[in-house]
Amino acid sequence: MKYFSPPSTRRNGLKPPALYEYFIDNFWFKSAGLEHERINEPLRGDHKADIVIIGGGYTGLSAAYNIRQKFPDKKIMLLEGACCGYGASGRNGGFCIATSLLDSNFKDPESRKRNLDVSLYGIKQIKACIADHGLDCDFEENGMLDVAMNADQVKVMEADYHFLKDWGLDVEILQGKALEKEIKSPRYTAGLITSLGATLNPAKLARGMKNIVEEMGVEIWEQSVVTRVVPGRVHHVDTELGAVKAPDLVLATNAYSHKIGFFVNRTFPLYTYVVATEPLSSSQWEAIGWQNRRGLSDYRMLFNYMIPSADGRIIIGGSDSKYYHNDEIAPGNNKSVSQDIVKDLTDTFPALVGIKIEHAWGGPTAGSRDFTPSVGVMGDHGNIYYGVGYNEGVPSTQTGGRIIADLMAGEKNEFTTHYIVNRNIPYAGPQIMRSFFGALKKMYMVNIVKASGNF
Ligand SMILES: Cc1cc2nc3c(=O)[nH]c(=O)nc-3n(C[C@H](O)[C@H](O)[C@H](O)COP(=O)(O)OP(=O)(O)OC[C@H]3O[C@@H](n4cnc5c(N)ncnc54)[C@H](O)[C@@H]3O)c2cc1C
């Protein structure tokens with residue numbers, strides 16, 4: 001079967017895949033109160049279900065949320081190796097870009113509108129969870145501010161402006177005093193405001209969705225690492241202590257998928273890192289002038305992105321991404337990348353020199369040769385649904401879950417015909433190439449920024 005190569009039988013059933021690190025200093029886990037929360041019991045014994053979902057990040061939770069609504073009577077079991085939100089979903093930068101699933105091939109207004117609805121769906125679903133289920137994830141829909149640091153980046157920004165304007169979106173380019181009203185940094189020369197887009201606390205989103213999905217009747221088993229999948233008309237899914245047989249399987253393991261034999265040499269874990277400052281004083285906030293609290297990112301290739309947290313910190317990520325030999329799921333912390341991020345923060349905002357960094361962490365996203373997700377259905381019996389290849393994915397994984405449910409229901413609509421559906425994931429090249437991925441991107445970034453004298 002394409003995209004599946006069972007790991008060596010010597011390991012299967014004996015030793016669980018190496019998935020998790022010993023320690024991760026994640027501010028979001030702390031602020032979501034995860035250390036005091038009850039983690040669900042592991043799966044024990046033999047079970048049967050209609051649908052088994054592997055992975056309790058946004059993809060798995062959104063798939064569960066949407067499938068439950070379409071199939072209220074089916075028995076759905078979700079298996080999560082650690083706890084829901086333990087992967088990238090509970091660790092990310094909290095940035096919700098609304099327009100990431102726009103397809104520039106659409107030219108006529110009607111198909112553009114349908115495609116825009118798909119792209120905006122992720123944020124819409126999060127808002128529905130807030131409105132209908134009281135989800136609390138510090139959601140702030142203030143729009144986005146993209147900033148350029150040199151003339152080349154301004155050109156790219158102008159192209160973005162025209163692209164988004166063409167789609168009828170509310171965008172504006174700011175410079176000089178107008179830009180200073182949004183943000184004050186000697187490095188920024190222009191800013192692009194998009195009224196769409198939001199920021200949030202990612203771990204609260206994941207944990208909140210877990211509760212919602214459970215209340216809807218989905219069984220969630222945490223601490224249940226899947227050790228082996230034997231695909232078939234009825235899939236056999238083994239965990240360390242239990243097993244599930246189910247005719248439909250949803251694979252929602254993104255960067256971890258290769259560890260159980262899926263998407264090997266197609267997607268690979270690429271690590272990205274984030275830091276959280278101490279809460280800023282009111283004079284520090286005033287000095288940087290970030291009063292509209294829009295998600296802020298710059299135009300470098302390996303850009304930095306930052307959001308203000310609900311308790312007044314800056315959460316900033318970017319600078320570099322790391323590939324670890326042999327597609328390893330590796331450390332959740334990286335001192336040298338964290339130090340680069342902090343240096344970049346204080347270069348950007350000199351008023352913050354000396355600010356204390358209280359947390360630094362990272363996590364795996366799924367790299368691929370073209371950095372585009374694929375959501376679809378595969379297998380000899382057409383019963384393995386999946387959503388993988390997410391690099392940026394806070395809202396788009398929500399959409400991915402909806403696509404999976406629609407595919408399962410056999411629907412043909414703007415979701416199931418979107419360009420990411422059943423998109424071919426190209427061969428990722430030999431491992432040595434993957435290890436250059438981060439480095440190549442970084443070199444590219446340094447060249448752009450050097451040209452501006454800003455680095
Ligand atoms: C540091 C960082 C910053 C980021 N910043 C942003 C951002 O600001 N905006 C944005 O849009 N995106 C961002 N992303 C990307 C985004 O977080 C991901 O694209 C998204 O969360 C992927 O969700 P997922 O559910 O597909 O995967 P994950 O959240 O990784 O979930 C996969 C789950 O599967 C479980 N699992 C894996 N293998 C097994 C197994 N064998 N058995 C049982 N369970 C298993 C894991 O424990 C995990 O919980 C960032 C990612 C990182 C790491």
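This is a short tour of the structure, one selection at a time. Keep in mind that the model is predicted.

**Stop 1: the two domains**

Colour the protein chain in two parts. Domain 1 covers 1-140 + 196-265 + 369-424. Domain 2 covers 144-195 + 269-367 + 433-452. Taken over C-alpha atoms, their centres are 26 Å apart. Now look at where the domains touch. Domain 1 gives 34 residues to the contact, and domain 2 gives 30. What classes of residue does domain 1 show on the side that touches domain 2? There are 15 nonpolar, 12 polar and seven charged residues on that side.

**Stop 2: the ligand**

Select the ligand and the residues around it. The shell holds 43 residues. Which of them come nearest? They are Gly 55, Gly 57, Gly 87, Gly 93 and Gly 393. Next, show the elements that give two or more residues to this shell: H2, strand E14 (268-277), strand E18 (357-367) and helix H9 (394-408). Colour the shell by class. You will find 19 nonpolar, 20 polar and four charged residues. Domain 1 and domain 2 each supply at least three residues of the shell.

**Stop 3: helix H2 against helix H9**

Stay with H2 and H9, which both give residues to the ligand shell. Their axes lie 7 Å apart and pack at an angle of about 40°. Are the two helices parallel or oblique? Angles under 35 degrees count as roughly parallel, so H2 and H9 at about 40° are oblique to each other. Their crossing is right-handed. On H2, select the contact residues Tyr 58, Thr 59, Ser 62, Ala 63, Tyr 65, Asn 66, Ile 67 and Lys 70. On H9, select Thr 397, Gln 398, Gly 400, Gly 401, Arg 402, Ile 404, Ala 405 and Met 408. This contact has seven nonpolar, seven polar and two charged residues.

**Stop 4: helix H2 against helix H6**

The crossing of H2 and H6 is left-handed. H2 makes the contact with Tyr 58, Leu 61, Ala 64, Tyr 65 and Arg 68. H6 brings Ala 206, Met 209, Lys 210, Ile 212 and Val 213. How do the residues of this contact divide by class? Eight are nonpolar, none is polar and two are charged.

Technical notes. Residues are numbered from 1 along each chain as its sequence is written. This is a predicted model: local features need pLDDT of at least 70, side-chain atom pairs count only at pLDDT 80 or more; totals for chains, interfaces and linings use all residues. A crossing is left-handed if the near helix is turned anticlockwise from the far one by less than a right angle, and right-handed if clockwise. Helices (H or I, at least four residues) and strands (E, at least two) are DSSP runs, numbered from the N terminus. Two residues are in contact if their C-beta atoms, placed from the backbone, lie within 7 Å. Ala, Val, Leu, Ile, Met, Phe, Trp, Tyr, Cys and Pro count as nonpolar, Asp, Glu, Lys and Arg as charged, and the others, Gly among them, as polar. A residue is near a molecule or strand if its C-beta atom, placed from the backbone, lies within 6 Å of it. Domain bounds come from an automatic or database domain assignment. Axes are lines fitted to C-alpha atoms, for helices over the stretch in contact, and angles run from 0 to 180 degrees between N-to-C directions. Angles under 35 degrees count as roughly parallel, over 145 as roughly antiparallel, 65 to 115 as roughly perpendicular and the rest as oblique.
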